[in-house]
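Dear colleague,

I am passing on the structure below, and would be glad if you read it alongside the notes that follow.

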Amino acid sequence: MDSDVIEIVTGWEERPFGGGFAGLSDLAAAGFTGAVSADMAWAFFVNGRVVGVFEGTIESFESAEGTAYTAPDPSLPLLFTMREQGGETRASYYTNETSISEADATLKSGKFTGYIELSENVLSGDYYVVYHGGKSMSAAFVGNNRTLLTGEEAFERADDEVGIFEVKAVDVDIVEIPEPEPEQTAESFDAEDDDQEDVTFGAVGAADSEAATDETAEETTAASESSDPLSDPIAETEEVAAAEAATDPTPPEAEAAHAASEQASDEPATADAEHVSAEAPEIDEEEDGETAATVDDPQRADTAAQTPPESREPSDESGATSADASAKAASGAVDPDVFSEEAEWRNAKSIPALDPEETEVNEPSGDDERQRRRIQRRRQAARTDRTRDESAAARGRQGGQSRQAAAQKQQSTAASGELEQRLERAVAAKKTAETERQQTLERLSTVEAERDEQRERADRLAESVERLEAEVDELEAKLAAAEAGSGDEGSAPERTMGRSEALDGTNLFVRYGTKSGGTLEKAHGGQADRSDVVENLRLEHHTRFETDGLHVEGEPYETFLEGTVEYGFVKWVVDDLLYEIRDTGNVAAMQELFDAIPKIDRAELGGDVSVQFVEDGEEHREQRTFDVVLRDRMGNPLLVADVNDSRAAASEAMMSSLIQNAGQVAETSDSLGASFLVTTSYFEPEALETATDATGGGLLSRGKRKSLVRLTRKRGFHLCLVETRNGDFHLNVPEL
């Protein structure tokens, strides 16, 4: 997993984690959002769901212990999961052509899963909108200190920015947490024995309960699958409970009728009961939903008579099922006289007794026959009314469904048309952007060629200036000697030298009065104060020429040297810079520079550094010159600096040259910790933009290092911009 992601996550609020799968289940039950690390494995949570596992599998947490990091916002673990998985870049837009809000509306309507990244050509920060099933969350990292913004504030800031954003689709799969191995105890064995004893009672009820449980589980699973897997688990539970209550397939009346019919079918009918059934008027079982077992048991006969026919299994001519009939009985849609008259008619047929042989059979009289026919007519009329009502209701439902389908089709057509128009605009904007980009690249190529030509011309002029300065210095020296010869014979002759020649022939050495006193190494380890080091440290100079009687720019050599920007820069680095980094709490952010300072042994003014690089398939070895090169005892370059001591601002050309040359030095030698551009004036905006581009990029490429020019994932050097006035030096970039 990316080291910069680890740096960000480990900065969140943390707490110990243990218990393996059981511990993960506890976090899931609590709706945890963040990350969990154990050994090398990482798991990201959103609302209690594991959305990604990296550097291992979910089995890596089986019995692991580690640390849980709580995310400040749920968008972050989901964003890091998607970035770690990669995904597919679907489109790239320029905000002046297609805004973030327009893209957001389209992605939400399309139930998109992935994220928007706005970071290219944006100087203020990096902006993200993360989607899962059309639901969105926003996050932004703004300013030099990468301040985190979330929610509406982050989205509004992103919508107001100008730049190029990408739409990336990423599939997110929820990772199931395995069940932990159960532990068998004495209490669990006792509980199993008790369960075995209870099995012999209520077998029918247990079977019904199991069937109901299976049906409820299926409905619950269906409800869970239709919902967002990253939604709130509490709200999801309430929805499932409501669905179970609304779809209960077994009303109490149906259970009573079902039990009565089963009990009646299990007992044999007597010969007299068969005789009575033969004597009684014929009853259509499918029409009435009744059985002929009304003479076996008085209690059962009463139960059957009191049970509403609509709650039983058979269906009538209208095609209504028992479930539909149960719903109508509950709402009172059937005439209650039908049941009372049917019971009256049934009581007139026979009088059951304890002894089947003593059963009294009453022949149906004419009144009974008329009563039965009247009941049948009323039932037929009720069925006809129900059939007509159900047909009208079905036609109404079909009409409503047709209108709803037509409305949905119209909305879908309108939405498709709008999406097609947006797509056409986006394609046109993309073509325009590509054309502008190509034109810009062509102009850039022309400007670069002109820049190289001007740079070569400047180098030639600089060589001419140095040659002329040397010639002037030589003539001035001869003139001074001639004047001295014509004057007092006892005065010592003065020698003069040009500025460039004097600096190029000078080296500065960092030395201490005593090794037991304060040193930069002790200050680096926190074992010495600044005052102790400054009192014990001194800068000694060594030249390739004699300095007695030497004047440079009208001043004695020592006075000239200590007044140069180069000498002042070296003294500021060894006397002040280490403590500024430490006292402002930027040791980790400026680690490469902080570790290089105590290793400084000497400084070359106008020094050369050997570099190796490959160009056009060929390896080259050249020298790169800097105004100051600070080295360790073995001669390895630690820091390099270029100086602009004119009144003109530091230009983009100076910045580009420093970045290119320092980069080649860093690729050749691992010892380089930082490069500096020092000016006595100020920096042009183009120079600052070039520095930002060299140290910029997306959120995950920058990490917590400040103003770092990355060469590889683990290597780089700091780019520092320094202003100096009246002998004081101030670090302008990065801000400490």
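Leu639 has contacts (heavy atoms within 4.5 Å) beyond its neighbours within four places in sequence, and its partners there are Val573, Leu593, Ala596, Ile600, Val628, Val629, Leu630, Leu672, Gly673, Ala674 and Phe676. In this predicted model, local features need pLDDT of at least 70 and side-chain atom pairs count only at pLDDT 80 or more, whereas totals for chains, interfaces and linings use all residues. Residues are numbered from 1 along each chain as its sequence is written, and side-chain values use heavy atoms, with hydrogens and water left out.

Leu639 is also, together with Leu520, Phe569, Leu593 and Phe676, one of the residues with the most contacts inside the largest nonpolar core, which has 50 residues. Such a core is a set of buried Ala, Val, Leu, Ile, Met, Phe, Trp, Tyr and Cys residues joined through side-chain atoms within 4.5 Å, where buried means under 20% relative accessible area, exposed over 50%, and partly exposed in between (1.4 Å probe, protein chains only). The largest share of this core, eleven residues, is supplied by helix H20 (residues 565-583); helices (H or I, at least four residues) and strands (E, at least two) are DSSP runs, numbered from the N terminus.

Of the contacts between residues at least 6 apart in sequence, 69% join residues at least 24 apart.

The largest pocket holds about 1,800 Å³ of space. A pocket is here an open set of points, on a 1 Å grid over the protein atoms alone, where a 1.4 Å probe fits, with protein on both sides within 12 Å along at least five of seven lines, and lining residues have an atom within 4 Å of a point; grid points are joined across faces, edges and corners, and the volume is the space filled by probe spheres set on the points. Its lining has 47 residues, of which Asp459, Ala462, Glu466, Asp627 and Val643 lie nearest the centre. Several elements give two or more residues to this lining, among them strand E19 (602-615), strand E20 (618-631) and helix H22 (652-668), while H15 gives the most, with twelve residues.

Leaving aside neighbours within four places in sequence, Met1 is in contact with Ile6, Trp42, Phe44, Phe54, Glu55, Glu84 and Arg713. The C-alpha atoms of Met1 and Phe80 are 10.0 Å apart in space, although the two residues are 79 apart in sequence.

Asp39, in the loop between strand E2 (34-38) and strand E3 (41-46), has a positive phi of about 55° although it is not a glycine, and Asp39 is exposed, with a relative accessible area of 74%. Asn121, in the loop between strand E7 (114-120) and strand E8 (125-132), likewise has a positive phi, of about 60°, without being a glycine. Finally, the peptide bond from Val733 to Pro734 is cis, with omega near 0°, and Pro734 lies in the segment after strand E25 (728-733).

With best wishes
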